[in-house]
Amino acid sequence: MKVMLNTNVYGRPFDKLNSKEIIEEASASFEIFSLACLGKFEIVTPDVLISEIKMIKDKLKRKFILHLVKHVSNERVRLDGETIKIADTISSLIKDYMDSLHVAFAAVNTCDYLVTCDKDLLRAAERTENLLSQNGFKLQIISPA
């Protein structure tokens, strides 16, 4: 099984744990990292993830997240024309183009799941999955919790 994690999943354990929902997502993220380290599934890391992490202003948080990515990732994938084409195709359903890129990377690289804490992306998941299916891709967009 191949899984791609959205940037917010990596960052969730380092966020302010000031709500039940955030605590549950942080706990689920830790479980995902643990299972990945045990080899239960493969973590695919796209260029867009690294770019977003490098924009984190808090240097210590950025350093911890990059370290975590390095240790749980099995495969690094690069931006290509097919990924851009799919991102453009689904961008009408997703507000943030960077999120469209995350989804496109996951689809093009045959991931089974894209895990995200992003509520907008989760609300658009069913429509996005249907559009991807029409283009020959099978991907589920899910929450970590």
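**Close-up 1. Helix α3 (residues 47–54) is largely enclosed by the rest of the structure, because six of its eight residues are buried.** Buried here means under 20% relative accessible area, exposed over 50% and partly exposed in between (1.4 Å probe, protein chains only). The buried ones are Asp-47, Val-48, Leu-49, Ile-50, Glu-52 and Ile-53. They pack against β1 (2–5), α1 (7–11), β2 (42–46), α4 (59–72), β3 (75–77) and α6 (97–108), with contact meaning heavy atoms within 4.5 Å. Helices (H or I, at least four residues) and strands (E, at least two) are DSSP runs, numbered from the N terminus. This is a predicted model: local features need pLDDT of at least 70, side-chain atom pairs count only at pLDDT 80 or more, and totals for chains, interfaces and linings use all residues. Residues are numbered from 1 along each chain as its sequence is written, and side-chain values use heavy atoms, leaving out hydrogens and water.

**Close-up 2. Lys-2 and Glu-75 meet in a salt bridge (3.7 Å, N to O).** The pair ties strand β1 to strand β3, 73 residues apart in the chain. Lys-2 is buried at 18% relative accessible area, while Glu-75 is partly exposed at 28%. A salt bridge is a side-chain nitrogen of Lys or Arg within 4 Å of a carboxyl oxygen of Asp or Glu, and the count comes to eleven.

**Close-up 3. In helix α7 (residues 119–123), Asp-120 and Arg-123 sit three residues apart, about one turn of the helix.** Their salt bridge has its closest N and O atoms 2.5 Å apart. Asp-120 is partly exposed at 35% relative accessibility; Arg-123 is exposed at 59%.
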